[in-house]
Amino acid sequence: AESLMAGKRGLIMGLANDKSIAWGIAKTLAEHGAELAFSYQGEALKKRVDPLAGQLGSDIVLPCDVGDEASIDDLFAALKERWGGLDFIVHAIGFSDKNELRGRYVDTSRGNFAMSMDISVYSFTAIMQRAEKMMKEGGSALTLTYYGAEKVMPHYNVMGVAKAALEASVQYLAEDLGKDGIRVNAISAGPIKTLAASGIGDFRYIMKWNEYNSPMRRNVTIEDVGKAALFLLSDLGSGTTGENLHVDAGYHVVGMKAVDAPDM
Ligand code: NAD
């Protein structure tokens, strides 16, 4: 099992705590032999990320605020000094003002629209500009998205619009970087209780709805997402790029409320 990611080095961006999707991915990759580096946003998170990285045998924990070009440059300069090259990258970052993750999309402010797009969408392109230069032998990149990009979900609002743009950017990045052997994919994860998700209005209701109405009649875990990430980031995904892989217990294929779902 260890051989799947043996000899591969990758950067995990977006680890906040042991509930983070980035943690489910990092654990799975480390179990299969990957060597990991982590970036965190802001000093407050460093004391959480340091011990988690340590658990997976990593001492490469670097600051990066993806809203700041200089901060992204510093991250990649430090990584280049340490490793030279890079085999994979995980972008598990999103942000919006939680006051606008409830109520109506039509009321989104210009300022929060721009900020949500900048942090949740452009940042992936910005990091791929740097990562490309370090992936001389090809590579694999992964971002995280949600079904609210494809269909209207309650309260997701501007994040739905941002995820639609992120999914489109995955396709454009896949085209630009494919010739150099760099694959770019997304995982569309079902709802998972994380720090970021707690900002979304009625999130418990959304999770219950998914549990009752998905084909598998359950929610997904960060470990489910980790296993799909292992496929996309390892040689198992060698023929797959520009893909949006749903890890949502099948919810995205459902057309109406399940007949056995309880009233809510
Ligand atoms: P999380 O709160 O654990 O992770 C979000 C991360 O984004 C945090 O580590 C935070 O520090 C980072 N971040 C925010 N702004 C940043 C900035 N300016 N610079 C650097 N980092 C920044 O929550 P999560 O749910 O694990 O989120 C990871 C990704 O998964 C996000 O893109 C999210 O939209 C996506 N996603 C989540 C769910 C869900 O239900 N939890 C479902 C589908 C997709």
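Which residues in α4 meet which residues in α5?

A: Bear in mind that this is a predicted model. On the α4 side you have Asn 112, Phe 113, Ser 116, Met 117, Ser 120, Val 121, Phe 124, Thr 125, Met 128 and Glu 132. Facing them from α5 are Val 158, Met 159, Ala 162, Ala 165, Leu 166, Ser 169, Leu 173 and Leu 177. Sorted by class, that contact of α4 with α5 has twelve nonpolar residues, five polar ones and one charged.

Now for the geometry. Two packed helices are described by the angle between their axes and the distance between the axes. For α4 and α5 (residues 157–178), the axes come within 9 Å and cross at roughly 20 degrees. Angles under 35 degrees count as roughly parallel, so α4 and α5 fall into that group. Their crossing is right-handed.

α4 also packs with another helix. α3 (residues 69–83) and α4 (residues 110–134) pack at an angle of about 20 degrees, and their axes are 10 Å apart. That pair is therefore roughly parallel too, and α3 passes α4 in a right-handed crossing. Here α3 uses Glu 69, Ile 72, Phe 76 and Lys 80, while α4 brings in Ala 126, Ile 127, Arg 130 and Met 134. The class count for α3 with α4 is five nonpolar, no polar and three charged residues.

Then there's the sheet. Seven strands make an open sheet with parallel pairing, in the order β3-β2-β1-β4-β5-β6-β7. β3 (61–63) and β7 (244–247) sit at the edges with a single partner strand each, so one side of each has no neighbour in the sheet. From one strand to the next, the twist averages 20 degrees. Zooming in on one pair, β1 (residues 9–13) and β2 (residues 35–40) run parallel and are joined by five bridges; Arg 9 has Glu 35 of β2 as its bridge partner.

Two other helices pack on these strands. α1 lies across β1, β2, β4 (88–91), β5 and β6 (182–189), at about 165 degrees to β1. α2 (residues 43–55) touches β2 and β3, and its direction makes about 170 degrees with that of β2.

Finally, the ligand: α1 (21–31) and β5 (139–145) each supply at least two residues of the shell around it. Of the 27 residues around the ligand, Ser 20, Gly 94, Leu 144, Thr 194 and Ala 196 come nearest.

How values were computed: Residues are numbered from 1 along each chain as its sequence is written. This is a predicted model: local features need pLDDT of at least 70, side-chain atom pairs count only at pLDDT 80 or more; totals for chains, interfaces and linings use all residues. Axes are lines fitted to C-alpha atoms, for helices over the stretch in contact, and angles run from 0 to 180 degrees between N-to-C directions. Helices (H or I, at least four residues) and strands (E, at least two) are DSSP runs, numbered from the N terminus. Angles under 35 degrees count as roughly parallel, over 145 as roughly antiparallel, 65 to 115 as roughly perpendicular and the rest as oblique. A crossing is left-handed if the near helix is turned anticlockwise from the far one by less than a right angle, and right-handed if clockwise. Two residues are in contact if their C-beta atoms, placed from the backbone, lie within 7 Å. Ala, Val, Leu, Ile, Met, Phe, Trp, Tyr, Cys and Pro count as nonpolar, Asp, Glu, Lys and Arg as charged, and the others, Gly among them, as polar. A residue is near a molecule or strand if its C-beta atom, placed from the backbone, lies within 6 Å of it. Two strands pair if DSSP finds at least two bridges between them.
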